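Let's take a walk through this one, starting with its charged side chains and then moving on to the nonpolar parts.

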Amino acid sequence: MEPISLTTALASFTQQWSPRIVTSVNDYDVRVAKVEGEHLWHTHHHTDEFFLVLTGELHIGLREPAGERTVVLPKGSVFTVPRGTEHKPYAPVPTEILLFEPTGTLTVGDRHDPVPEHVDATTGHSLA
């Protein structure tokens, strides 16, 4: 095992909404992704989803029992979407994020809207 530079990892790909697995912790993947524009409404029934904004700004629409709201995450912010909460990430500017998710978690969740062409429905790609 050697240290992994997030800057180098992020420079190794250009695809939007297509996360790369940089390392694993127990049964979780640590993923980085480049994002811009809209993702899609989706839900992870069995896991929370952790976001850390490395650059740019991420908005996450949430559909909660009390109604719909949007959280705004500037650079350096973290937020966890609770399991079972329908959500839709959106990046108004080019943004880089880090995510923690159980290994094998699909980027479009267990239930989702139709997947647009610019969104990669994946469990994460290797950096290699």
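**Charges first, then the core**

Start with Asp29 and Arg31, whose side chains meet in a salt bridge at 3.5 Å, N to O. Keep in mind that this is a predicted model. Asp29 counts as buried, at 3% relative accessibility, and Arg31 is buried too, with a relative accessible area of 0%. Arg31 also forms a salt bridge with Glu101, where the closest N and O atoms are 2.7 Å apart. Glu101 sits in strand E8 and Arg31 in strand E2, so this pair ties together parts that are 70 residues apart in sequence. Shared partners join Asp29, Arg31 and Glu101 into one network.

Strand E8 turns up again with Glu86, which pairs with Arg63 of strand E5, so parts 23 residues apart in sequence get tied together. Here the closest N and O atoms are 3.1 Å apart. Glu86 counts as buried at 16% relative accessibility, while Arg63 is partly exposed at 35%. The salt-bridge count comes to seven.

Now for the greasy side. The largest nonpolar core has 18 residues, and Val35, Phe51, Leu58, Ile60, Leu73, Phe79 and Ile97 have the most contacts inside it. Strands E2, E4, E5, E6, E7 and E8 each give two or more residues to this core. Look around Ile60 and you'll find, among others, Phe51, Leu73, Phe79 and Val81 touching it. A second, separate core of seven residues includes Ala9, Leu10, Val22 and Val32.

Val25, from strand E1, is partly exposed, with a relative accessible area of 42%.

Methods
Residues are numbered from 1 along each chain as its sequence is written. This is a predicted model: local features need pLDDT of at least 70, side-chain atom pairs count only at pLDDT 80 or more; totals for chains, interfaces and linings use all residues. Side-chain values use heavy atoms; hydrogens and water are left out. A nonpolar core is a set of buried Ala, Val, Leu, Ile, Met, Phe, Trp, Tyr and Cys residues joined through side-chain atoms within 4.5 Å. Buried means under 20% relative accessible area, exposed over 50%, partly exposed in between (1.4 Å probe, protein chains only). Helices (H or I, at least four residues) and strands (E, at least two) are DSSP runs, numbered from the N terminus. Contact means heavy atoms within 4.5 Å. A salt bridge is a side-chain nitrogen of Lys or Arg within 4 Å of a carboxyl oxygen of Asp or Glu. Lists of a residue's contacts leave out its neighbours within four places in sequence.
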